[in-house]
Amino acid sequence: MPKAAAPRPAEWANRRDRHKPFDLDELNRVVWDHAYIDLEAARRRRGNPLMRIGAALMFWVAALGTAGPLFAAAVFVSGGGYRKFSEDFSAGFEVQCIYIGSLLGSVAVLYFLVPWLRASHRQWSGTLAAMSVAVAVTTVILLVLIYTSDVDIYPRLPMVIPVWITFFLAIAAVIADYRLHSNVKPPEVAIDSLSDEDIEVLRASRRQALRIFRTQGLVGYGEFTDFDKSPL
């Protein structure tokens with residue numbers, strides 16, 4: 001699997017060898033390597049009031065949307081859609097859940113794909129790939145259930161269209177991640193050119209990594225605040 005030339009600090013913290021002692025200077029270098037991408041995304045959010053208001057909400061919608069097709073599959077089975085579970089069942093809410101689950105899955109993929117495509121420097125994104133693969137796998141499960149259900153109760157075409165759309169979107173996102181990513185580091189960022197808001201963006205990025213190190217036991221609770229307040 002490809003690796004980002006300048007990984008996101010939180011992703012780097014998750015992959016780093018836990019047996020190595022924590023080094024704040026090493027973390028700061030990772031933050032600065034990824035600074036161009038973080039700052040570009042933050043400035044785009046600042047220029048769009050709707051994005052500022054809905055950023056947190058959309059993140060959770062996208063996170064839950066990854067399991068959208070799996071949720072639809074669970075409802076479809078429990079509702080009697082799968083022919084082995086019911087012989088006399090009429091189509092109902094579980095059909096609507098297929099559309100809802102597919103929509104949520106598509107939203108999850110687009111949430112990570114669209115900002116990545118808009119970025120001027122696209123690195124390999126493990127998050128985009130993982131989310132897209134998860135959605136693709138769950139849509140396959142849902143498709144198998146639909147195609148093995150009773151065709152007299154559940155007409156195939158209206159039900160599989162949204163699921164296939166979600167599946168192809170997820171596959172397209174994975175292909176885009178492989179084909180369009182760059183293997184070079186992002187442009188360097190000059191600290192003198194940054195505003196206080198920009199510095200806070202980079203501190204927030206470092207804080208995410210510090211939280212991971214804290215959960216791993218590499219950073220103590222007392223040290224966390226000192227590291228968080230230290231200069232970049």
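**Entry 1: a cut-off before I start.** I call a residue buried when its relative accessible area is under 20%. I also note that I am working with a predicted model.

**Entry 2: helix 2.** With that cut-off in hand, I looked at helix 2, and I find Leu24, Glu26, Leu27, Asn28, Val30, Val31 and Trp32 buried there. That makes seven of the 10 residues in helix 2, which spans 24-33, so I count the helix as mostly covered. What do the buried residues of helix 2 pack against? I traced them to helix 1, helix 3 (35-46), helix 9 (196-215) and helix 10. I also checked the start of helix 2, where a side-chain oxygen of Asp23 comes to within 3.0 Å of the backbone nitrogen of Asp25.

**Entry 3: the whole chain.** I stepped back to see the setting. How many helices and strands does the protein chain have? I get 10 helices and zero strands, and along the sequence the pattern reads α-α-α-α-α-α-α-α-α-α. The chain has 232 residues, and 44% of them count as buried. I then turned to contacts between residues at least 6 apart in sequence, and 78% of these join residues at least 24 apart. For the accessible surface I noted about 12,800 Å², with 62% of that belonging to carbon and sulfur atoms.

**Entry 4: Pro9.** My next stop was helix 1, where Pro9 is found. Is Pro9 buried or exposed? Its relative accessible area is 0%, so Pro9 is buried. Not counting residues up to four places away in sequence, I see Pro9 touching Val30, Val31, His34, Asp38, Ser205 and Ala209. Two of these names, Val30 and Val31, were already on my list of buried residues in helix 2. I also looked up Pro9 and Ala35, which are 26 residues apart along the chain, and their C-alpha atoms are separated by 9.6 Å.

**Entry 5: Ser230.** I went on to the segment after helix 10 (221-229), which is the place of Ser230. I count Ser230 as buried because its relative accessibility is 13%. Which residues are in contact with Ser230, leaving aside its neighbours within four places in sequence? I wrote down Leu24, Arg203 and Arg206. Leu24 brings me back to helix 2, where it is one of the buried residues.

Entry 6: Gly101 has its place in helix 6, and at 0% relative accessibility I count Gly101 as buried. Beyond its neighbours within four places in sequence, Gly101 is in contact with Gly68, Pro69 and Ala72. For Gly101 and Ala72 I noted 5.2 Å from C-alpha to C-alpha, and 29 residues apart in sequence.

Ser106 is found in helix 6 too, which covers residues 93-118. Its relative accessibility is 12%, so Ser106 counts as buried. What joins the side chains of Ser106 and Thr166? I found a polar contact of 2.9 Å. Leaving aside neighbours within four places in sequence, Ser106 is in contact with Thr166 and Leu169.

**Entry 7: a pocket.** I finished with the second largest pocket, which has a volume of about 210 Å³. I see 11 residues lining this pocket, and Glu11, Arg15, Trp124, Gly126 and Thr127 lie nearest its centre. Which helices each supply at least two residues of the lining? I have helix 1 (9-15) and helix 7 (126-147). Helix 1 gives the largest share of the lining, three residues. Sorted by class, I noted four nonpolar, three polar and four charged residues in the lining of the second largest pocket.

Notes: Residues are numbered from 1 along each chain as its sequence is written. This is a predicted model: local features need pLDDT of at least 70, side-chain atom pairs count only at pLDDT 80 or more; totals for chains, interfaces and linings use all residues. Side-chain values use heavy atoms; hydrogens and water are left out. On a 1 Å grid over the protein atoms alone, a cavity is a set of points where a 1.4 Å probe fits but cannot get out, and a pocket is an open set with protein on both sides within 12 Å along at least five of seven lines; lining residues have an atom within 4 Å of a point. Grid points are joined across faces, edges and corners, and a volume is the space filled by probe spheres set on the points. Helices (H or I, at least four residues) and strands (E, at least two) are DSSP runs, numbered from the N terminus. Ala, Val, Leu, Ile, Met, Phe, Trp, Tyr, Cys and Pro count as nonpolar, Asp, Glu, Lys and Arg as charged, and the others, Gly among them, as polar. Buried means under 20% relative accessible area, exposed over 50%, partly exposed in between (1.4 Å probe, protein chains only). Contact means heavy atoms within 4.5 Å. Accessible areas come from the Shrake-Rupley method with a 1.4 Å probe; for residues, only the protein chains shown count as cover. A polar contact is a pair of N or O atoms within 3.5 Å; within protein, one must be able to donate a hydrogen and the other to accept it, and residues adjacent in sequence count only if both atoms are side-chain atoms.
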